[in-house]
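These are my notebook entries on a structure that I looked up. Each entry records what I checked and what I found.

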Amino acid sequence: MYKRFTAICFSIGLLLSYSLAYAGVVTHHFKTLDLTAEAEYQTGNPDKPAVLIMHGFLTTNQFHTIKATVQAFHDAGYTTLAPTLTLNINKRRQSVKCNAIHTHTLEQDQLEISEWIDWLEKKGHKQIILVGHSSGSQELLALLASRKDPFIKLAIFTSLFYLNGEELGTNPAELDYSKKALEAKNNQPHKYSFLFCHNNYYATPESFLSYQKLDRQYILEQLRNLEVPNYTIMGSEDKRYKSVGNNWLDELKQTGTNLVIIEGANHFFSSEYEFDLQDQLVQITNNHFNQP
Amino acid sequence: MSNHSKFIRPIQFYFAFFISIGLILLAALIWSFYSEGNRLQQTVNEQTREEAKKELTIAVNNVLLSTQNQLQKLAKWDEVHQQYHDPSYYFFWHDDRLKESHFYQPYYDQLELYTKQGKLLMPPSKKPKTGLPHRNLPNTVTTTEPKVILKSNQEAHMNVFAPIFDRSSHDVLGYVGVSLDIYPAILTHNQFYYLDKTSLRFPGDGVLSPQELIDHIEFKPISNPINSYLWELIERFIAELIVTLILLALTLPLLFKEFIHTPLTLLSEYLQRLRATPYKKQKPPKRTFWIKEFEELKNAIYQYHHNLQKTQLELDEQNLIVWEQARRDALTNIYNRRAFDETWNEVMVNFQNEPIPTAFMLFDCDFFKALNDTYGHEVGDKVIQAAAKVIQQTLPMENPAYRIGGDEFAVILQHRTQEEIEQIAQQCLDALSQYPYQTLGIREKLPFSVGISSIASSHDDNLGALPRQADIAMYKAKQSHHSKIQVYNQTLESVSSALVSNQILNKVVNSIHTGKHMQMHFQPILATDKSNCYYEALVRVQNGEELVYPDKIFAVVERRRLEVELDRQVIQKTLELLDQNKIPKGTGVSINISGKTLLQPDLIELFKPFREWLPDYKIVIEVTENFLIDHMDYAQTVLNQLRYQGFLIALDDFGSGYSSIRYLAHMPVDIIKFDMSMLKALKSDNKTRKIILATAEMIRQAGFDLVMEGIEDNEMFEEAKDAGATHVQGYLFGKPKPEFSKSCV
């Protein structure tokens with residue numbers, strides 16, 4: 001009798017849970033920015049933490065590494081939220097080209113991420129895992145430096161590097177130019193070299209300069225000071241080591257982050273390394289939350 | 001034949017005709033080929049144009065559709081929405097970023113964003129960084145229907161609009177408008193297989209819908225390379241064919257002339273030359289003919305003509321020999337009577353055209369018959385041979401001697417004076433008298449007589465009378481013992497007719513020439529067994545109440561040499577009687593013919609009218625023994641011809657002359673008529689009688705009919721029958737009378 005009741009209750013609960021389950025695009029309007037952003041939101045096991053997954057520089061939540069990450073957590077029963085930063089474009093759905101006019105700033109990005117965390121929390125998620133890829137990891141790291149949120153239980157950074165550094169192509173002259181232009185209140189877009197955008201990153205000085213904060217030292221420092229349990233997953237064949245040096249992994253490790261290196265994987269964990277990434281993410285999360 | 005003769009044309013005509021026909025047919029064929037090809041090409045071009053038009057329609061629609069698609073994508077572009085959210089950097093985006101993006105096509109002239117009210121989101125840039133300012137887009141969008149704007153500079157621009165929807169409310173946020181250059185846009189979005197994209201023209205100016213534009217665009221279909229190449233090939237082929245035909249038409253006549261016409265002309269000329277002068281050696285054309293058959297023909301003609309000439313030469317030589325033989329006297333080897341007649345005729349003809357002094361000289365041995373009787377014919381022949389040789393050798397080279405009778409020699413002299421003529425006659429006479437006749441066994445002196453007649457160069461002279469005149473002169477010379485050369489003069493005419501009165505002479509001569517007063521009397525000749533009977537025709541001349549009998553008639557005839565004329569009149573009179581059926585059928589008629597008449601070339605023709613009477617009548621030609629002996633070869637030829645035709649030949653007066661048994665065997669006669677003296681001789685000594693009887697017996701045994709003349713009584717008739725006569729003739733059976741004796745009937 002008890003077993004029968006339990007089974008009935010389980011079935012009703014299952015039906016309820018499925019009736020409350022959601023998978024789709026959700027929007028969120030940022031009042032201060034007067035912009036609306038979209039995010040892929042898939043509910044999972046309510047008992048499991050929600051995972052916010054942040055895409056890399058100028059991309060969207062449709063980027064394959066992000067989709068693979070979302071898929072891994074979703075398959076593992078986690079609720080996932082993969083927003084696309086507006087980069088000052090209402091309901092942005094496409095990656096932004098280097099030569100598009102970039103007016104977005106790191107601060108706006110952090111604002112949007114912060115509001116999406118709030119959005120999750122408003123959705124009732126009390127355990128939140130932040131997962132970022134590439135510059136998304138840096139922006140999460142930068143956000144965590146300022147946001148002390150008890151619901152954030154875990155942070156996983158994949159392909160964590162930094163944005164400012166002459167070894168990365170940052171041109172000091174351009175920094176000077178942009179600073180002077182900003183000082184002169186000349187915020188007309190100008191073409192810079194920034195990451196993979198060589199001489200064609202068409203951005204306002206304000207936008208350009210905002211991201212220069214994320215230099216090597218800043219990242220390592222924030223990581224070292226990060227209070228949230230964190231993991232850092234790196235591909236061993238990431239070409240950026242050629243720029244940042246092979247000691248980058250060592251420096252990362254020295255920050256105290258739980259460094260996981262996937263042998264053979266590149267910056268985007270392409271190809272079969274997506275599975276390795278997914279396995280690592282789920283394994284880390286399950287382990288962290290003692291999930292079976 | 002006359003119908004076909006009009007088709008006989010020179011070879012050039014037929015060559016030109018067939019060449020023309022060939023060229024006309026070829027030209028028609030080429031024209032047909034060209035027209036058909038042209039029509040085909042036009043059809044292909046029309047189809048190509050249709051296809052090109054379809055391509056153009058598709059192309060314009062493609063541009064429109066493609067642009068609309070592009071604008072729809074652009075309307076969803078984040079950066080467009082970025083501008084609507086914050087157009088602070090619109091100009092940077094519009095002038096730089098937009099044109100670097102893949103949304104901005106190279107053929108876009110202008111792209112503008114409009115508010116949902118249709119106003120420009122931001123004013124258009126004042127001046128583009130590159131290129132000419134193309135501002136075909138309106139400042140306010142009143143309709144989103146696409147428009148085509150034609151410019152006077154032949155540019156065509158299409159304005160296309162698409163709404164931009166708000167991503168949240170899905171309301172119209174604004175519009176995106178683009179103005180594009182149609183020509184590069186068409187080229188960008190389409191592949192053309194039939195349309196020549198370089199031919200596109202956009203004439204005029206104004207505003208059209210895209211569909212109207214399709215009908216407005218000027219275009220050309222692309223030239224089909226295969227079709228064009230094929231047509232080019234055809235045109236080239238036709239051009240080459242025409243050139244070839246022209247060259248052929250120009251060359252063929254030359255080739256025809258060189259290969260056919262010239263050889264034919266040369267061969268024709270060669271044949272004409274050969275025909276004009278068949279006996280002259282004509283070399284063949286020197287030119288070498290390219291056509292083997294012509295070359296062979298040329299050589300064959302030459303060889304043929306050469307052989308023909310050779311054969312002709314041989315024939316001429318043979319003819320010459322025959323001619324010579326026919327005109328040479330077999331006994332003396334000088335020219336004979338035939339040669340004389342031909343020469344004399346030629347002289348007569350030439351004299352008509354060009355009268356020249358001409359003389360006729362006649363030689364005759366005075367006692368030749370007596371010589372023959374005394375020494376025999378063999379000696380007589382040798383005398384004739386010797387006389388001929390002497391006369392010929394004595395005469396000038398250009399004057400041959402002719403043997404015209406047994407012992408008569410004639411000479412024709414021209415361009416000689418009378419003195420020269422007489423001198424020549426004297427030289428001949430001297431040479432004849434000096435001949436050693438004793439070498440021939442002749443002991444006596446053998447005199448010759450010469451009669452000469454001559455005329456000067458006048459048309460009025462009677463050249464034809466010369467032979468008779470010479471004959472008269474010779475007769476006079478024979479009568480003289482001292483003047484053996486006599487030249488004819490008019491007085492000799494009276495001398496010759498002294499034996500008869502002038503009145504009778506004139507009557508006889510006139511009768512011979514006109515036939516008037518000439519009567520034919522007929523004496524019957526009866527078969528001794530009375531099985532048949534025929535009549536001997538005897539001539540009489542009526543002189544008033546009297547008749548002139550043959551003794552006087554022949555005296556005149558012989559003196560005037562009118563034997564031929566007399567014989568012709570006798571023949572004519574006999575034929576008239578036959579025509580009048582006065583001669584009883586089943587009988588016959590025997591006609592006496594002189595030796596001179598027998599020597600006439602037309603002897604056979606003379607007797608031709610008698611042939612029709614031969615079935616009903618026995619026609620006998622009586623000739624004298626002397627003539628036969630003197631002209632044995634010739635006599636055999638002509639008399640045998642007459643015998644072959646059905647005439648009978650009778651040898652008259654057998655026994656009055658030589659009566660050589662040796663000759664008898666070869667004589668071309670059927671009947672032997674014994675002279676009256678033979679019958680009378682039967683009454684003489686026994687030896688003579690036996691000889692005569694033996695001769696008669698031999699004649700009959702040889703197959704001849706034997707006619708005995710002069711039967712006047714029954715005793716003679718009995719003797720004649722006893723002697724073996726097959727026929728008898730004499731007063732006993734009938735005297736010669738104008739009417740036909742009943743005894744014969």
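**Entry 1: Lys91(A)**

I began with Lys91(A), which I located in the loop between β4 (79-83) and α3 (106-122) of chain A. Helices (H or I, at least four residues) and strands (E, at least two) are DSSP runs, numbered from the N terminus. This is a predicted model, in which local features need pLDDT of at least 70 and side-chain atom pairs count only at pLDDT 80 or more, while totals for chains, interfaces and linings use all residues. Residues are numbered from 1 along each chain as its sequence is written, chains are lettered from A and ligands numbered from 1 in the order in which they are written, and side-chain values use heavy atoms, with hydrogens and water left out.

Is Lys91(A) buried or exposed? I noted it as buried, because its relative accessibility is 7%; buried means under 20% relative accessible area, exposed over 50%, and partly exposed in between (1.4 Å probe, protein chains only). I also noted the backbone: phi of Lys91(A) is near 50°, a positive value in a residue other than glycine. Most residues other than glycine have a negative phi.

**Entry 2: Phe269(A)**

I then looked up Phe269(A), in the loop between β10 (258-262) and α10 (273-288) of chain A. Phe269(A) is not a glycine, yet its phi is positive, at about 50°. Its relative accessible area is 0%, so I recorded Phe269(A) as buried.

**Entry 3: Glu38(A)**

Next I turned to Glu38(A), which is in strand β2 (residues 35-42) of chain A. I counted Glu38(A) as buried because its relative accessible area is 12%.

Which side chain makes a polar contact with the side chain of Glu38(A)? I found that of Arg93(A), at 2.9 Å. A polar contact is a pair of N or O atoms within 3.5 Å; within protein, one must be able to donate a hydrogen and the other to accept it, and residues adjacent in sequence count only if both atoms are side-chain atoms.

I also listed contacts (heavy atoms within 4.5 Å). Leaving aside neighbours within four places in sequence, those of Glu38(A) include Val25(A), Asn61(A), Pro83(A), Trp116(A) and the Lys91(A) of my opening entry.

**Entry 4: chain A as a whole**

I recorded 10 helices and 10 strands in chain A. Its radius of gyration is 20 Å, close to the 19 Å that the globule rule gives for 292 residues, so chain A is as compact as a globular protein of that length. The radius of gyration is taken over C-alpha atoms, and the globule rule is 2.2 Å times the number of residues to the power 0.38.

Along its principal axes, the C-alpha trace of chain A spans about 80 × 40 × 35 Å. Buried residues make up 59% of the 292 residues of chain A. Of the contacts in chain A between residues at least 6 apart in sequence, 74% join residues at least 24 apart.

**Entry 5: chain B as a whole**

How many helices and strands does chain B have? I recorded 24 helices and 21 strands. The radius of gyration of chain B is 65 Å, whereas a compact globule of 745 residues would have one near 27 Å. The C-alpha trace of chain B spans about 195 × 60 × 50 Å along its principal axes. I noted that 46% of the 745 residues in chain B are buried. In chain B, 68% of the contacts between residues at least 6 apart in sequence join residues at least 24 apart.

**Entry 6: two places in chain B**

I found Asp329(B) in the loop between α8 (292-327) and α9 (337-353) of chain B. Asp329(B) counts as buried because its relative accessibility is 13%. Its side chain makes a polar contact with the side chain of Thr332(B) (2.8 Å). Not counting residues up to four places away in sequence, Asp329(B) touches Ile334(B), Tyr335(B), Asn336(B) and Arg403(B).

Lastly, I looked at helix α15 (residues 550-560) of chain B, where the buried residues include Ile553(B), Val556(B) and Arg560(B). The residue that follows α15(B) is Arg561(B), with a positive phi near 55°.
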